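Please keep the sequence and the structure in view while reading.

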Amino acid sequence: MSGHEKQIKMTQNKGSHMVQFLAGIGACNLMVACGSYQAWSSPSIPHLTSKESPFPVTGEQGTWIVSLFLIGDFLGSLFNPLLIDRIGRKYTLLISALLLLIGWLMIVLAENYIWLFLARFIGGVGQGSIFNSLVIYLAEISEKHIRGTLINIMRVGKYVGIFISSSIAAYLSYSILNLFSIGLTVIVVIIVLLLPETPYYYLMKGDDEKAVKYLMFLRGLSSSESLHLEIKNMKMTIVEDQKNNGSGFRELFVKSYNRKGLMILTCLKVTQLLTGYGAIIYYAQEILSLSGSSIEAGVGVMIVTGIQLLASLAAIFVIDRIDRRKLLLSSGIVDAVSLTAVGLFFFMQTYNEEYASHITWLPLFGLILYQVAFALGIGIIPYVLLGELFSINVKGAAVASALVIGSVFNFATSAGFKILNNAIGIYATFWLFAIIAVVGSILTFCITPETRGMTLEEIQAMQNPRIKVKLDGVSKVNLLA
């Protein structure tokens, strides 16, 4: 390391990650609100279709209340790229949070099921847009050593929201659940108003002064001297992107390095979701009921979701300390083992019921192991890479594409779970998930670059030779200065 680089390093060490963590955790409260909104349907639909409902709702209408939320979520991910580069990351997050708040207000004021249809659809649009924007926001405010940690906190926030709302619904009334959720969302809206915009957005708009100001604020620095090279690299990368005279979805497919990133992203999402994650979450209670375990199925689900939350918290401490490719491969292999074990139990239950009666604990153990491994690798790494692999001008479109791909495969596994069970048996379904986990994790390990400890500019240079040449040139000029 040269004397100049050492001087920069020493100056940067005087800074702090504290502001980045505070801003990141503040932004991740949006996912707490999203988790609460997502969890609402599980306890509320049975209430609304019962005699205690304030207005009549049929079972079919209840299904539409759930489905319209998913449709809104899908459209929100497409709506997001229209705003994020025009009004900024912060204000896109704010508008999305307000959509969630509008949804809650409509639920509280609902006079019939039509209100609930609209409420869930609007809230779904808000959630889809939040997810898209938040990945980009967290990636752009954080330094390379804590980027994975902050993006993992996003998933933790979602599990916290689900857990809190489910607990309230279990012990308190439908009305209290709704009022609590409105209060939570109002607090989140206020927090978003206090968040800083990302320096990348200001550089995109040509406002270098604000970019430097907010970068100093996020780094906890009183002087911009140590940021000189970083700002140069950021500006050069953005200028190089803008020279392409294209943006959004078209540019995502025109450039070879963007197509490669999209291919990696598709493999990651297919591996993540075709291991049966959605099906296991939605049908966990039914799966455990079929096992005949002495542990009540509802209690088993609480154990599984509780372990999932703890595992996602544990991921905070490993995501930026272990190579992401190794985490991904290890996670896929352990998930495959756990899915194979669950499938083995149901195979024995089908062909040797007496032996299966002695291992009724195996499905619960297998699902717990699955959730732990998933949270530490396959569950989080695709979201980290979403914020890293793509250049500024296509990042919104890339994240939207990921959510679309995710929605399609999540629906396929969730809707097709029972169909597969009837066609080939539940044990074969789990074994199919296990095969996909192994093949998918090995394939993604082979084609995915290692990004741990790299700046966003260094990741772009690794994929785009023109940016690499420019970055090297900026570094040489800076060293000679």
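How do the axes of helix α14 and helix α23 cross, and within what distance do they come? The model examined here is predicted. Two packed helices are described by the angle between their axes and the distance between those axes. For α14 (residues 256-273) and α23 (residues 426-447), the axes come within 9 Å and cross at roughly 155°. Because angles over 145 degrees count as roughly antiparallel, α14 is roughly antiparallel to α23. The crossing of α14 and α23 is left-handed.

## The residues in contact

Helix α14 contributes K260, M263, I264, C267, L268, V270 and T271 to the contact. From α23 come I436, A437, G440, S441, L443, T444 and I447. By class, the residues of this contact comprise nine nonpolar, four polar and one charged.

How many salt bridges does a search of the whole structure find? The search finds four. One of the pairs is formed by the side chains of D85 and R89, with a distance of 2.8 Å from N to O.

E140 lies in helix α7 (residues 113-141) and R89 in helix α6 (residues 89-109), so the pair ties together parts that are 51 residues apart in sequence. Both E140 and R89 are buried.

## A further pair

A salt bridge also links K326 and D323, where the closest N and O atoms are 3.9 Å apart. Is each of these two residues exposed or partly exposed? K326 is exposed, with a relative accessible area of 51%. D323, at 23% relative accessible area, is partly exposed.

Technical notes: Residues are numbered from 1 along each chain as its sequence is written. This is a predicted model: local features need pLDDT of at least 70, side-chain atom pairs count only at pLDDT 80 or more; totals for chains, interfaces and linings use all residues. Side-chain values use heavy atoms; hydrogens and water are left out. Axes are lines fitted to C-alpha atoms, for helices over the stretch in contact, and angles run from 0 to 180 degrees between N-to-C directions. Helices (H or I, at least four residues) and strands (E, at least two) are DSSP runs, numbered from the N terminus. Angles under 35 degrees count as roughly parallel, over 145 as roughly antiparallel, 65 to 115 as roughly perpendicular and the rest as oblique. A crossing is left-handed if the near helix is turned anticlockwise from the far one by less than a right angle, and right-handed if clockwise. Contact means heavy atoms within 4.5 Å. Ala, Val, Leu, Ile, Met, Phe, Trp, Tyr, Cys and Pro count as nonpolar, Asp, Glu, Lys and Arg as charged, and the others, Gly among them, as polar. Buried means under 20% relative accessible area, exposed over 50%, partly exposed in between (1.4 Å probe, protein chains only).
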